[in-house]
Each structure stands twice: as C-alpha cells, then as structure tokens.
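Colleague: Please take me through this model feature by feature. Give me the general idea, then the case at hand.

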Amino acid sequence: MFDKFGEMNSYKEINELADNLFNEGDQESLKKMAKENGIMQEFVEMYLQGDIPVLCDPLTAALGKIDVEAEELKPKEIMEDWVEYLRGQCMENEILAHQVRKKGKSLKGCIAALLKWSFANQITVGQDILKEAGVKAGRVTLGIPGMARAKKIITDYYMGK
C-alpha cells in the first residue's frame with residue numbers, strides 16, 4: 001500500500017516530501033508519491049502549476065489515506081457505511097483527520113476494533129426468528145454494533161481512547 005515512499009505520519013510530511021521532490025525537479029516521483037497517498041491528480045497538477053501552495057491539507061491527506069486503504073480492503077455493506085462515516089467525520093473534525101493520517105492507525109485496525117467488539121458482544125438470536133428466516137442451526141448469535149456504538153468505536157480507535 002505505502003510501498004515506495006512509506007506511510008506518512010501527517011499532511012506536513014507529505015507536503016515536505018512534495019516540496020523536496022518539486023525542488024529536485026522530480027515530477028514523476030512527486031506524482032507517484034501523491035498517488036500512493038491518495039492525493040487526487042488534480043491537486044498534483046495545481047501544485048505543479050503553482051496554483052496551490054501545498055499539495056494537501058489535513059483533510060485531503062486523511063481522505064487520501066482512507067481511499068487508498070479502502071481500495072485495498074474493498075469493504076462491503078456495513079463496512080462501507082463505517083468508512084463513509086469516517087470520511088464524514090474527517091470533514092467535520094480536523095483533529096480526527098490528523099489522527100487518521102497517523103502511522104499505525106489504519107482502516108484495517110479500525111474494522112478490527114469493530115469486529116473485536118462484535119465478537120465480545122454477541123447475543124443469541126431467538127428460535128422464532130431462526131424459524132422465520134428458515135435457519136436450521138441449533139444456535140445463532142449476532143454481534144453487529146448499532147451505528148451509535150460503531151461511531152464511538154471508530155472515534156475511540158482513531159483518537160486513541
């Protein structure tokens with residue numbers, strides 16, 4: 001995922017590397033670094049033309065990381081909802097956007113925190129529901145967090161609580 005340039009800890013690290021690559025005249029590496037970090041090509045072109053002073057801000061860097069990680073994980077259904085919630089929260093909370101970009105914090109780790117909660121909080125599904133669903137298993141448990149709980153788990157994961 002962050003194979004060539006490594007995982008950057010902040011938008012400032014991305015911008016510092018972008019400045020260095022720009023000053024060295026290495027536009028190809030700058031474009032590759034931006035792509036690796038999920039920075040849109042349009043921003044790269046504007047940066048190279050001098051239309052914007054920096055390649056990214058905290059939000060752009062956070063959303064880029066989420067996009068790159070989501071591309072690799074390919075979340076489906078409820079996991080897509082969690083990813084969209086995280087994107088929205090980054091747009092509203094710059095501190096969270098900074099935290100998303102931190103090394104060691106990842107979408108994979110966040111989903112693992114949600115899964116850990118899910119397994120620890122399974123409840124038995126009633127036999128009447130199993131019958132209605134046509135499920136023949138003797139016992140079924142379910143542990144998916146509600147959205148309010150999922151939001152708390154996501155926030156706590158990235159904010160280090």
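Modeller: Start with polar contacts: pairs of N or O atoms within 3.5 Å; within protein, one must be able to donate a hydrogen and the other to accept it, and sequence-adjacent residues count only if both atoms are side-chain atoms. Here, a polar atom of the K65 side chain lies 2.7 Å from the backbone oxygen of K105.

Colleague: What kind of model is this, and how are residues numbered?

Modeller: It is a predicted model: local features need pLDDT of at least 70, side-chain atom pairs count only at pLDDT 80 or more, and totals for chains, interfaces and linings use all residues. Numbering starts from 1 along each chain as its sequence is written, and side-chain values use heavy atoms, leaving out hydrogens and water.

Colleague: Back to K65. Where does K65 lie? Is K65 buried or exposed?

Modeller: Helices (H or I, at least four residues) and strands (E, at least two) are DSSP runs, numbered from the N terminus. K65 sits in helix α4, residues 58-73. For accessibility, buried means under 20% relative accessible area, exposed over 50%, and partly exposed in between, with a 1.4 Å probe and protein chains only. K65 has 0% relative accessible area, so it is buried.

Colleague: Which residues does K65 touch?

Modeller: Contact means heavy atoms within 4.5 Å. Leave out residues up to four places away in sequence, and K65 touches F2, E7, N37, V100, R101, K102 and K105. K105 also supplies the backbone oxygen for the polar contact at 2.7 Å.

Colleague: Now helix packing. How do α1 and α2 cross?

Modeller: Axes are lines fitted to C-alpha atoms, for helices over the stretch in contact; angles run from 0 to 180 degrees between N-to-C directions. Helix α1 covers residues 11-23 and helix α2 covers 27-36; their axes come within 8 Å and cross at roughly 160°. That angle makes α1 roughly antiparallel to α2. The classes are: under 35 degrees roughly parallel, over 145 roughly antiparallel, 65 to 115 roughly perpendicular, the rest oblique.

Colleague: Is the crossing of α1 and α2 left-handed or right-handed?

Modeller: Left-handed. The rule is that the near helix is turned from the far one by less than a right angle, anticlockwise for left-handed and clockwise for right-handed.

Colleague: Which residues of α1 and α2 meet?

Modeller: From α1 come I14, L17, A18, L21 and F22; from α2 come S29, L30 and M33. By class, this contact has seven nonpolar, one polar and no charged residues. Ala, Val, Leu, Ile, Met, Phe, Trp, Tyr, Cys and Pro count as nonpolar, Asp, Glu, Lys and Arg as charged, and the others, Gly among them, as polar.

Colleague: What else is there to read in α1?

Modeller: Take E13, which is in helix α1. Its relative accessibility is 32%, so E13 is partly exposed. E13 touches M8 and K103, with residues up to four places away in sequence not counted.

Colleague: At what angle do α5 and α7 pack?

Modeller: About 120°, with axes 11 Å apart; helix α5 spans residues 78-92. That makes α5 oblique to α7. The crossing is right-handed. M79, W82, V83 and L86 of α5 make the contact with L107, I111 and L114 of α7. The class count is seven nonpolar, no polar and no charged residues.

Colleague: And at what angle do α7 and α9 pack?

Modeller: About 135°, with axes 9 Å apart; helix α9 runs over residues 147-159. So α7 is oblique to α9. The crossing of α7 and α9 is right-handed. On α7, the residues are L107, G109, C110, A113, L114 and W117; they meet R149, A150, I153, I154, Y157 and Y158 of α9. This contact has 10 nonpolar, one polar and one charged residues.

Colleague: What follows α7, and where is N121?

Modeller: N121 is in the loop between α7 (107-120) and β1 (123-124). N121 is partly exposed, at 34% relative accessibility. Its side chain reaches the backbone oxygen of W117 at 2.8 Å. N121 touches L142 and G143, again not counting residues up to four places away in sequence. N121 and K103 are 18 residues apart along the chain, and 29 Å separates their C-alpha atoms.

Colleague: Last, backbone angles. What is phi of K74, and of E77?

Modeller: Most residues other than glycine have a negative phi. K74 has a positive phi, near 55°. E77 also has a positive value, about 50°, although it is not a glycine. K74 lies in the loop between α4 and α5, and E77 is placed in the loop between α4 and α5 too. E77 counts as exposed, because its relative accessibility is 64%.
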